[in-house]
Amino acid sequence: MIETYELGEVIRSGRPIMDKAIIEYAKKNKKFCLVSPDMTRAAFPEFMNTCKDQHFNVGIAENSAVDIASGLALEGYVPFIYGMSAFLSMRSFEAIRTNVGYQNHNVKFIACNTGVSLGMLGSTHYAMEDLALIGSIPNMTVICPGDPDQTVKAFHAAAQMQGPVYIRMANGRNESAVYKEDYKFEIGKGITIMEGEDCAIIATGIMVSYAVDAAKKLRKEGINVTVIDMHTIKPLDEELILKLANKIGKIVTVEDHFKSCGMGTKICGVVAESGIPCKVKRMGIPDMYPGFGTFSDMLKNLHYGSEDIVANVKEILK
């Protein structure tokens with residue numbers, strides 16, 4: 001078991017943490033560069049001022065950011081693109097598919113404001129389908145860090161590997177920290193945070209903290225669950241999923257994404273193809289365009305917050 005914070009006990013912002021991390025990395029690695037469709041000032045202002053020669057602001061033009069980064073990769077640079085996930089994944093999808101995925105170029109993406117984490121700007125700015133879209137591109141690795149500190153681990157892991165990587169960093173502001181202690185982060189390998197024999201909760205991204213909170217509530221009622229931080233959506237840790245399916249036989253998945261086409265659906269496919277008898281309950285954004293509200297409002301209205309996870313675990317145990 002890994003020691004964790006209570007939900008909301010420690011609040012951190014991924015943007016300034018990442019700002020510091022990329023400055024340190026850029027100073028040591030002159031081939032690193034950051035391309036952004038006019039988003040850097042809102043996230044990494046210190047990098048923008050400190051590493052001017054390694055920063056390219058292309059304006060509000062996501063397609064151009066992808067094209068320029070692809071060209072930089074051809075010249076031996078290691079370009080990261082920072083932008084809003086809704087627009088990177090949808091407005092730039094063809095450019096990512098053809099100029100990055102098809103070419104297998106060494107371009108990395110840091111996507112912010114994922115799922116409904118942006119809150120008050122509504123469905124036009126929610127990235128509820130980006131895992132399905134970006135995950136469909138061959139050669140692409142997809143990572144959803146579980147808290148702000150894990151985003152830095154994902155950044156360094158992505159920088160060290162060859163090929164395109166998409167990092168889904170939630171909003172990047174005022175999010176609950178999960179891990180009290182250090183742990184091993186490895187692309188493609190889920191992290192077992194808690195262990196229990198009654199049910200397994202597999203969470204990704206910002207929902208990891210809510211899954212841990214739900215597990216702690218369940219434990220007080222005598223229900224012991226395993227909690228998995230499935231930070232890598234592609235490649236998925238199929239070995240761990242099949243181990244849970246075989247050993248426990250009951251899995252609840254939770255994600256800040258359309259539940260019809262995200263991590264939960266991929267896990268259902270893995271379990272179904274294995275032939276292992278296992279119940280799976282998917283949680284996430286239903287097939288609708290949500291309204292406006294804070295992230296807490298969205299979780300409550302769309303029914304995939306901590307209390308809803310508790311209810312679904314109890315339901316699957318019946």
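Angles under 35 degrees count as roughly parallel, over 145 as roughly antiparallel, 65 to 115 as roughly perpendicular and the rest as oblique. I worked on a predicted model, where local features need pLDDT of at least 70, side-chain atom pairs count only at pLDDT 80 or more, and totals for chains, interfaces and linings use all residues. Residues are numbered from 1 along each chain as its sequence is written, and side-chain values use heavy atoms, with hydrogens and water left out.

Entry 1, helix pair. I looked up helix α4 (residues 62-74) and helix α6 (residues 93-101): their axes come within 9 Å and cross at roughly 0 degrees. Axes are lines fitted to C-alpha atoms, for helices over the stretch in contact, and angles run from 0 to 180 degrees between N-to-C directions. Helices are DSSP runs (H or I, at least four residues), as are strands (E, at least two), numbered from the N terminus. α4 and α6 are therefore roughly parallel to each other.

Asn63, Val66, Asp67 and Ser70 in α4 meet Ala95, Ile96, Asn99 and Val100 in α6.

On a 1 Å grid over the protein atoms alone, a cavity is a set of points where a 1.4 Å probe fits but cannot get out; lining residues have an atom within 4 Å of a point. Points are joined across faces, edges and corners, and a volume is the space filled by probe spheres set on them. I found two cavities of 30 Å³ or more. The largest has a volume of about 80 Å³, and its lining includes Asp147, Met169 and Ser209.

How values were computed:
1 Å grid on protein atoms, 1.4 Å probe; cavity = no way out; pocket = protein on both sides within 12 Å on 5 of 7 lines; lining within 4 Å. Contact = heavy atoms within 4.5 Å.
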